[in-house]
Every structure is written in C-alpha cells, then in structure tokens.
Amino acid sequence: MLVPSLVLRNAIRHKLRTGLTVVGIIVAITAFGLLRTIVSAWYAGVDASSSARLISRNAISLVFPLPINYPPKMRQVEGVSAVTYANWFGGVYITEGNFFPQFAVDAPTYFEIFPEFILKADEKKAFLVDRKGAVVGRKLADKFGWKIGDQIPIRGTIFTGIWTFTLRAIYDGVDSKVDETQFFFHWQFLNETVKARFARRADQVGFAIVQIRDPSQAAEVSQRIDETFHNSLAETRTETEKAFQLGFVAMTEAILLAIEAVSFVVIVIIMAVMANTMAMTARERYGEYATLKALGFSNGFVALLVFLESLGIALVGGALGILLTFPLAEAFGAQMGTLFPVFSVSRETVLMQAAAAVLVGVVAAGVPAWRAARVRIVDGLRAVA
Amino acid sequence: MVAIPFSYIARNLLARKLTTVLTAGGMALVVYVFATVLMLAAGLRETLVATGQPDNVIAIRKGAQTEVQSGILRSSASIVESLPDIATGEDGRKLISMEPVVLINLPKRGTDKPSNVVIRGVSDAGLVLRPQVKIVEGRMFRPGTSEIVAGRAIASGFRGAGIGETLRFAQRDWTVVGVFDAGRTGFNSEIWGDSEQLLQAFRRVGFSALIFRLADAGRYDAVKAEIEGDQRLTLEVKRESQFYADQSEGLAKFISYLGTTISVIFSIGAIIGAMITMYASVASRTGEIGTLRALGFSRASILYAFLGESLLLGLVGGVLGLAGASAMQAFPISTTNFQTFAEIAFTFTLTPSIVAMSLGFSVFMGFIGGFLPAARAARMKIVDALRAA
C-alpha cells in the first residue's frame with residue numbers, strides 16, 4: 001500500500017500546479033473528443049447507408065438528370081427488387097442560412113426503400129393523397145416549429161419561383177444514425193409544374209435508388225445497370241449507397257484531414273504542458289529520490305513513482321474530460337442544427353480519448369522519470385543540503 | 001520607478017531550458033493552428049476575389065446562386081447582347097461571352113476519388129474578357145473542335161486532364177491540347193472548351209452565364225436596372241468581382257469560425273502551461289524577489305519583470321508558430337467549395353493582418369498566463385520573501 005499513497009501525496013503536494021494541469025488535460029481531451037465527433041459527423045451519411053441500396057445517376061455528374069423512363073428499365077435488370085427516384089430541389093427557406101436538403105421523391109416507392117424513415121400511418125396516408133404535401137424530419141420540424149398542416153414556402157434556386165407545401169407528416173429515424181433534417185415532397189408535383197413552365201426540363205429525375213435482392217451482388221448489378229444504358233444520351237454511373245456517400249465526403253477531404261490533424265495537435269500541446277509539470281516536479285524532488293535510493297529503493301522504483309504520478313494526473317483529467325464531452329457535444333450539436341444532422345459521441349471517440357490521456361501521461365513522464373532514475377545518491381543528497 | 005533590466009528577464013528564461021522550450025512550444029502550436037486556419041480562409045477569399053475582373057459584368061438567372069444552377073435562353077442572351085451599353089472589341093464585335101458552365105465528375109490523380117470540376121464553354125470574347133488567362137503549355141483549343149484546355153490545378157490534379165490526354169464525357173473524347181495558368185484565380189480549377197461544341201455535346205439549349213464589359217463603366221447601375229427590370233428577361237446582374245467574392249463567403253466563414261473556436265479552446269491549454277511555468281518561476285526565486293525589493297525596486301517593477309518574462313515567452317512561441325505556419329505557403333490545397341459544389345485549388349496566404357493577429361494572440365496568452373503569478377510575486381512582503389530564501 002506504500003506506493004499508491006506515496007504517489008497520491010506527491011501529486012497533491014502542489015495543489016495549484018496539479019489542479020492547473022488537470023484542467024489543461026480536461027480541456028485538451030474534451031476538445032479532442034469534440035473534433036473527433038465533428039469528423040465522424042461528416043461520415044454520418046456513410047454510416048447510415050444500406051448495403052442493399054445502389055444509387056444510379058448520370059455519369060457526367062450529379063448536375064445532369066436521367067430520363068424518367070430509366071427507373072422502370074432498371075427495375076427489369078436481374079437482381080433488382082425495387083427502384084425509386086428523387087430530385088435535388090435546392091430551395092431556400094426564408095434565407096440562405098436555413099439550409100436543409102429538399103428532395104422531390106416518388107412518394108409511393110421512396111419510403112418503401114428507406115424503411116429507416118418512420119411515418120405514422122395516418123400522416124403518411126394524408127401525405128400520399130395531397131399533391132402539394134410534404135414530409136419533414138423531426139429535428140427539422142422542431143427547429144422551425146412546424147406543425148402538421150402548416151404552409152411552408154420555399155424559394156427554388158434550380159426550379160425558380162416560390163413553392164408552397166403543406167406539411168402532412170413528420171418522420172422519425174429508426175435510430176440515432178438517421179438524418180432527421182430532410183424535406184420530402186412529391187416528384188409528380190414538381191414535374192407537373194416544370195412541364196407547364198420549362199417544358200424541356202420535365203420528365204427527368206435527378207438520381208435513382210435501386211434496391212437489390214442480394215447485397216453481395218452489388219458490383220454485378222451495378223455493372224448490369226450501367227451496361228443497359230451504355231452509349232445512350234444519358235449514361236449512368238451506379239454505385240453502392242456507401243460509395244456514393246463516401247464520394248461526398250472525399251470532396252471535402254482536405255478540410256476533414258485538417259480537422260483530424262488539428263485534433264492531434266491539441267494532444268501534443270497538452271503533452272508539452274504535462275511534460276513541463278512533471279519536469280518541474282521531478283527537478284524539485286531530486287533530494288527525495290536520492291534519499292529513497294539511499295534507503296535501498298531501486299532506480300526503477302523511483303522512475304515508477306514519477307510514471308504513476310504522471311499517469312494518475314492524466315487519467316483523472318482524461319476521465320473528467322470524457323465526461324464533459326457528452327453535454328458539450330449535445331450543446332454543440334444543437335447549436336449547429338441542420339449542418340450536422342447526426343451529432344453524437346461514438347464509442348471509438350471515447351476509447352481514443354482514453355488512449356490519448358494514457359499516452360499523454362506516459363510520454364510526459366519519460367524524460368523526468370529517466371532523469372530521476374539516474375540521479376546519483378551523492379549529488380541528490382547534496383542538492384538538499 | 002526603477003525598472004528591472006531586460007537582460008535579467010531574458011536570462012531567467014534561459015536558466016531552465018526544458019521548461020521554457022515546452023511552454024513556448026505549446027504556445028507555438030496554438031499560434032500555428034490559429035495562423036494556418038486564417039491563412040486558409042484568406043487564401044480562399046483572395047483566390048475567388050481575384051477571379052473576377054472589376055470591370056466585367058455577369059448576368060445569371062434570377063434566384064440561381066451559381067453559374068451551374070443558372071440557365072439563360074438564347075433569345076434572352078440576344079436581348080442583352082443588343083444593349084447599346086456593351087463595349088465593342090477590336091474586331092468590331094460586342095464584348096460579350098455567352099458561356100455554358102457545367103460540372104463533370106473526374107477522378108483525382110493518385111487517389112482515384114472523383115470530384116466535381118467546372119467545365120466552361122467560352123468564345124473569343126470570353127478570352128478577351130479574361131486577360132489573366134495565359135496558355136503556359138501547348139496551345140488554345142480550336143473553335144469548332146472537341147479540343148479543350150485545362151487549368152493548371154486541374155491538369156496536375158485530375159486523371160486524364162494533362163496535356164495530350166483525353167477525357168471522355170457526353171459521348172465524346174475530348175483532347176486536352178493546352179494548359180493555362182490564370183494566376184491565383186478560380187479559373188485554374190476549370191476546364192475550358194468551345195462554347196457551341198459543349199452546348200451540343202451536353203444537349204443544352206441555353207447558356208449558364210453572360211459575361212460582358214460596359215463601354216462606360218459608370219453606367220453599371222443603369223444597365224443593371226435596365227436588365228433586371230426587363231419583363232422579357234429573368235436575369236440578375238452583378239459585377240464579376242462581387243459575384244466571385246460572394247462564392248468564397250460560405251467556406252471562408254466556415255473555416256475561420258471553426259479555426260478561431262478551436263484556437264481559443266487550445267489556447268486555454270497553452271495559457272495553463274504558461275501559468276504553471278510562471279508560478280514555478282516565482283516560487284523558485286522568492287529569495288531573489290525579496291532581495292530586489294530590499295534593494296529598492298518597487299512592487300510595480302517586480303510585477304512588470306515577471307509579466308515581461310511571460311510576454312517574452314508568449315512572443316517566442318508566437319514567432320515559432322508563425323514561422324511554422326508561413327512554411328505552409330508552399331503547399332497548395334484543393335477541396336470542394338460547397339457553395340458551388342465544384343473543386344477549387346488555392347494556397348495558404350500569409351497577410352500582414354494575420355501576422356499581427358497571431359503575434360497579438362501569442363502575447364495575449366503570455367499576459368493571461370503570467371498575470372496571476374506576477375501579481376503574487378509583487379504582493380510578497382520583503383521580510384517573508386527573504387526568510388523563505
């Protein structure tokens with residue numbers, strides 16, 4: 001029982017210094033956790049994707065549409081069990097700052113293929129029969145205080161004009177990974193209006209979502225679909241939903257890498273602070289270390305004392321930092337609103353935080369422990385006198 | 001009041017090298033993060049602001065925020081072209097470029113990950129309107145052919161976009177016959193081809209944007225009012241420089257907000273480091289402080305001496321961090337601007353205001369970290385301090 005109590009007493013000898021160091025570690029570990037959570041929020045769409053779904057779109061780029069006769073043709077491809085389609089609407093609600101994604105979808109089939117969006121049966125029915133109806137996610141409805149029956153005006157940037165929808169249903173996600181900030185309305189409504197106003201752009205869909213029977217056949221089915229439309233005016237590029245979502249992540253990869261790099265910088269900063277604390281502590285105690293050695297304790301024992309003290313401080317700071325991450329992440333996620341639809345601290349993040357705290361404790365103790373172990377009894381005792 | 005000599009302050013930092021290095025190192029990292037993030041935002045802004053020529057005017061469809069979302073019928077384009085205010089070029093034709101702008105999905109070199117690249121159709125007038133665009137390799141595309149030229153960042157960053165290579169899109173093979181350099185502008189991240197050829201290949205009937213120059217730049221407001229008020233047109237008119245500056249706002253703001261928040265949080269760690277160092281510095285020199293006071297130095301002199309030591313520590317960290325950050329200028333960065341959904345290449349740009357802000361930030365960290373310890377040193381009673389020694 002000697003070692004733990006000795007370490008504890010050493011650690012609280014300089015209350016102010018230890019306190020400041022712990023606060024520093026809390027800040028660093030919390031910041032690290034938040035940054036990792038931001039990075040994983042970026043991958044939310046990827047995590048939520050289903051391996052049984054493929055996304056098929058125009059091979060040139062997403063800006064180009066597919067003809068409306070493509071989805072039925074895709075349905076006939078071997079291995080396909082269902083097809084639905086959607087258009088990116090890109091509208092603005094009141095101001096540009098209120099960004100949320102809007103999709104014109106083929107309502108009857110869309111929610112069959114995306115079972116993770118849960119709608120109440122009566123609301124869903126009301127939506128299906130109202131051509132100008134809309135479905136929104138719970139988080140989005142809460143943000144703007146929308147209730148069933150509200151009129152929602154949206155200014156189109158791709159399809160110009162003011163479009164007014166009636167809120168008919170609010171969906172909930174099946175779990176916390178589902179994006180609850182989307183806005184859906186009837187593709188048929190969009191198409192009718194487009195046909196009347198800019199006829200050339202009618203009867204086109206932005207992309208198709210293909211459900212396949214066997215997820216292990218994804219590559220083959222994708223190829224079959226693309227071959228079907230090979231050399232046509234609108235060649236397709238079909239990939240798994242995951243690959244499609246990863247494509248979006250990859251576009252902003254540079255920013256993502258920067259955030260990841262920065263999250264490690266904070267660990268290095270706190271390592272320097274902690275190493276400084278331990279170096280000072282050890283320097284002040286050379287005399288004590290010499291005394292211990294004179295009493296017969298080994299060099300290793302002295303080094304162990306420094307290590308345990310450093311590790312202890314780092315772990316206390318780390319644990320508090322991890323605890324603090326959860327409420328902070330929640331507050332931050334609420335602040336960010338629809339920018340990060342899914343924002344929760346993952347298990348991996350917590351594990352990485354714990355690992356970082358251990359690493360800080362161990363690395364910071366390195367040089368001081370080595371110095372303490374090498375103190376010669378004579379020199380150390382002389383320092384006291 | 002007699003001030004304690006600066007050399008005393010500076011020598012104290014040298015007395016315990018490991019501690020000084022660790023503390024200044026922590027602050028240097030914070031300043032490094034702070035400065036690089038601001039440089040990133042500044043680089044992006046500068047690139048997009050430089051893209052637009054101040055005397056060029058751009059018209060896009062009302063409500064469309066970017067060229068890619070816009071669509072302008074030929075009939076509308078002709079109405080604008082016939083306005084008497086538009087300047088006439090050397091060849092006697094109106095200085096107006098009617099440009100289709102679309103995105104194509106290309107794989108990046110090395111990673112093969114696809115990203116969206118802007119492809120723009122231009123005419124002779126379009127080249128006259130952008131004097132900053134220079135062919136640096138190969139030659140310009142010939143009008144009426146499936147030839148294209150690629151911006152420098154695209155030629156080096158994307159597969160198939162180098163000189164002599166071909167890209168396949170819209171059922172055609174397009175040969176890259178030249179590489180152009182447009183200085184530090186957004187055009188470096190674009191591919192240019194013949195306007196009419198691209199319209200046909202993509203089966204578009206309308207252009208995306210009209211770019212023109214006014215014969216009399218002072219008539220801008222009148223022309224803007226005339227076009228926007230014309231019942232036959234649904235167009236929005238902006239100065240080209242303003243148009244591109246607006247496109248940098250979203251991403252630049254995001255980067256600088258995120259970066260400043262991160263730096264402020266990180267600085268707490270560094271400030272605590274400085275505080276620990278300075279408290280230790282005060283504690284180990286209690287006897288010295290007593291002696292200095294006994295010699296006649298005032299409390300204020302002691303306060304300034306320790307505060308000065310801490311500020312110096314911050315400044316050393318600031319200079320180191322800034323030196324590291326300025327080295328980042330050598331690395332170009334390329335990412336998707338989510339406002340335009342297209343790839344944009346830019347560089348970290350160090351501006352005088354960023355230098356000032358970073359050094360100010362580092363000195364501020366030193367001040368906050370050193371104030372309490374310095375105050376403690378100044379409050380010591382002479383007798384107690386001498387006895388403690």
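In which sense, parallel or antiparallel, do strand β2 (residues 96-99) of chain B and β10(B) pair, and over how many bridges? They pair in the antiparallel sense, over four bridges, where pairing requires that DSSP finds at least two bridges between two strands.

This is a predicted model, in which local features need pLDDT of at least 70 and side-chain atom pairs count only at pLDDT 80 or more, whereas totals for chains, interfaces and linings use all residues. Residues are numbered from 1 along each chain as its sequence is written, and chains are lettered from A and ligands numbered from 1 in the order in which they are written.

**View 1. Strand β10 of chain B and its partners.** Strands are DSSP runs of E with at least two residues and helices are runs of H or I with at least four, numbered from the N terminus. Strand β1 (residues 56-61) of chain B pairs with β10(B) in the antiparallel sense over four bridges, and Val57(B) stands opposite Phe212(B). On strand β2 of chain B, Glu99(B) has Ala209(B) of β10(B) as its bridge partner. Five of the five residues of β10(B) (residues 209-213) are buried, so the strand is largely enclosed by the rest of the structure; a residue is buried if 20 or more other C-beta atoms, placed from the backbone, lie within 10 Å of its own, exposed if 12 or fewer, and partly exposed in between. Ala209(B), Ile211(B) and Arg213(B) cover one side, and Leu210(B) and Phe212(B) the other.

**View 2. Leu210(B) in the largest nonpolar core.** Such a core is a set of buried Ala, Val, Leu, Ile, Met, Phe, Trp, Tyr and Cys residues joined through C-beta atoms within 7 Å. Of its 181 residues, Ile269(A) and Leu210(B) touch the most other members, and the largest share, 19 residues, comes from helix α2 (residues 17-51) of chain B. Not counting residues up to four places away in sequence, Leu210(B) touches Ala59(B), Ile72(B), Ala77(B), Val80(B), Ile96(B) and Met98(B), contact being defined as C-beta atoms, placed from the backbone, within 7 Å.

**View 3. The contact between chains A and B.** Chain A contributes 39 residues and chain B contributes 45 residues. On the side of chain A that touches chain B, α11(A) gives the most, with 15 residues.

**View 4. Thr164(A) in strand β9 (residues 161-173) of chain A.** Thr164(A) is exposed, with 11 other C-beta atoms within 10 Å. Leaving aside neighbours within four places in sequence, Thr164(A) is in contact with Gln151(A), Ile152(A) and Pro153(A).

Technical notes: Contact = placed C-beta atoms within 7 Å.
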